[in-house]
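Please read the briefing below alongside the sequence and the model, taking the topics in the order in which they are set out.

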Amino acid sequence: MKLVTVAGPPSCGKTSVVSRTCAHLAAEGLNCAVVKFDCLQTRDDDLYRAAGLPVTVALSGGLCPDHFLATNLEEAHAWAKDTGADLCVIETAGLCNRCSPHIRGVLGLCVIDNLMGVDAPEKIGPMLRLADVVAVTKGDLVSQAEREVYRYRIRQMNGRAVIRHVNGLTGQGLAGLAAIVARAPGVDSVEEMKLRFSMPAAVCSYCLSETRLGQRYQKGNVKKARFGEKRAGVA
């Protein structure tokens, strides 16, 4: 079964891109299944079901959705195999821009949009810099010059990814993206696989439900900033 990880900031159009891409793949005889990792709530599973795709949703609650993905990946892969899918798409919520859900040996897709600002690619972490494919949405809402500058900024951050401008609403450009996804490598098992980059650091007192503010309540993986400098650093 082929496996693809899809990451990107909130509301950039990931679900629309995935559902329409899977529609192209289905027309070519490739059965797709979708696993959606989100935080508190989602209605994206309704959109996938309306597109005729098998889908399951996993909500992380108070946990980082990408940590949640890493600890549930084997079960998600097994569910997709049980559906008889030829391709499993794992879509994960991107929240802190430090997310890194992409896996070595698995096709990694990052979705971002042209409305995020020209500096956005520099601020996005491993989910963009280590992606194999970058799909850029909402290009119809900006000028050609803005699209070219944005593409240049993406290329500065990721020199090897395939960049595609797509429209999740009209489907423009998604046939080409589907052709790329169709060539994703097959994966028998995700056991013993490795992430392309480490997850964001966690396990401080606030990760463990602490609500009181103050240094005496801060334990575990805690960093302190130096304020008043030209640029706030980390102690």
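Serine 11 lies in the loop between β1 (2-7) and α1, where helices (H or I, at least four residues) and strands (E, at least two) are DSSP runs numbered from the N terminus. The model is a predicted one, in which local features need pLDDT of at least 70 and side-chain atom pairs count only at pLDDT 80 or more, while totals for chains, interfaces and linings use all residues. Residues are numbered from 1 along each chain as its sequence is written, and side-chain values use heavy atoms, with hydrogens and water left out.

**Backbone in the loops**

- Most residues other than glycine have a negative phi, and most peptide bonds are trans.
- Serine 11, although it is not a glycine, has a positive phi of about 65°, and with a relative accessible area of 63% serine 11 is exposed; here buried means under 20% relative accessible area, exposed over 50%, and partly exposed in between (1.4 Å probe, protein chains only).
- Glutamate 192, in the loop between α7 and β8 (225-226), is likewise not a glycine and has a positive phi of about 75°, and its relative accessible area of 72% makes glutamate 192 exposed.

**Confidence**

- The mean pLDDT of the chain is 89, and 97% of its residues reach 70 or more, pLDDT being the predictor's confidence in each residue, from 0 to 100.
- Confidence in the chain is highest in strand β6 (residues 133-137), at a mean of 97, and lowest in strand β9 (residues 233-234), at 47.
- Where pLDDT is low, the predicted coordinates should not be read in detail.

**Helices α1 and α7**

- The axes of helix α1 (residues 14-27) and helix α7 (residues 174-182) cross at roughly 75° and come within 9 Å; axes are lines fitted to C-alpha atoms, for helices over the stretch in contact, and angles run from 0 to 180 degrees between N-to-C directions.
- α1 and α7 are therefore roughly perpendicular to each other, since angles of 65 to 115 degrees count as roughly perpendicular, under 35 as roughly parallel, over 145 as roughly antiparallel and the rest as oblique.
- From α1, Val17, Arg20, Thr21, His24 and Leu25 meet Leu174, Ala175, Leu177, Ala178, Val181 and Ala182 of α7, contact meaning heavy atoms within 4.5 Å.

**Two buried residues**

- Tyrosine 150, found in helix α6 (residues 144-157), counts as buried at 1% relative accessibility.
- Apart from neighbours within four places in sequence, tyrosine 150 is in contact with residues including Ile112, Met116, Val118 and Val136, and its C-alpha atom is separated by 8.0 Å from that of proline 121, 29 residues apart along the chain.
- Isoleucine 90, in strand β4 (residues 87-92), also counts as buried, at 1% relative accessibility.
- Apart from neighbours within four places in sequence, isoleucine 90 is in contact with Leu3, Val4, Thr5, Val6, Val35, Phe37, Leu69 and Leu73, and the C-alpha atoms of isoleucine 90 and alanine 7, 83 residues apart along the chain, are separated by 8.6 Å.

**Cysteines**

- With a disulfide taken as a pair of cysteine sulfur atoms within 2.5 Å, the count comes to zero disulfides.
- The sulfur of cysteine 32 is 3.9 Å from the closest cysteine sulfur, in cysteine 22, which is too far for a bond, and cysteine 32 counts as buried at 6% relative accessibility.
- Cysteine 88 is in no disulfide, the nearest cysteine sulfur being that of cysteine 32, 9.6 Å away, and cysteine 88 is buried, with a relative accessible area of 0%.
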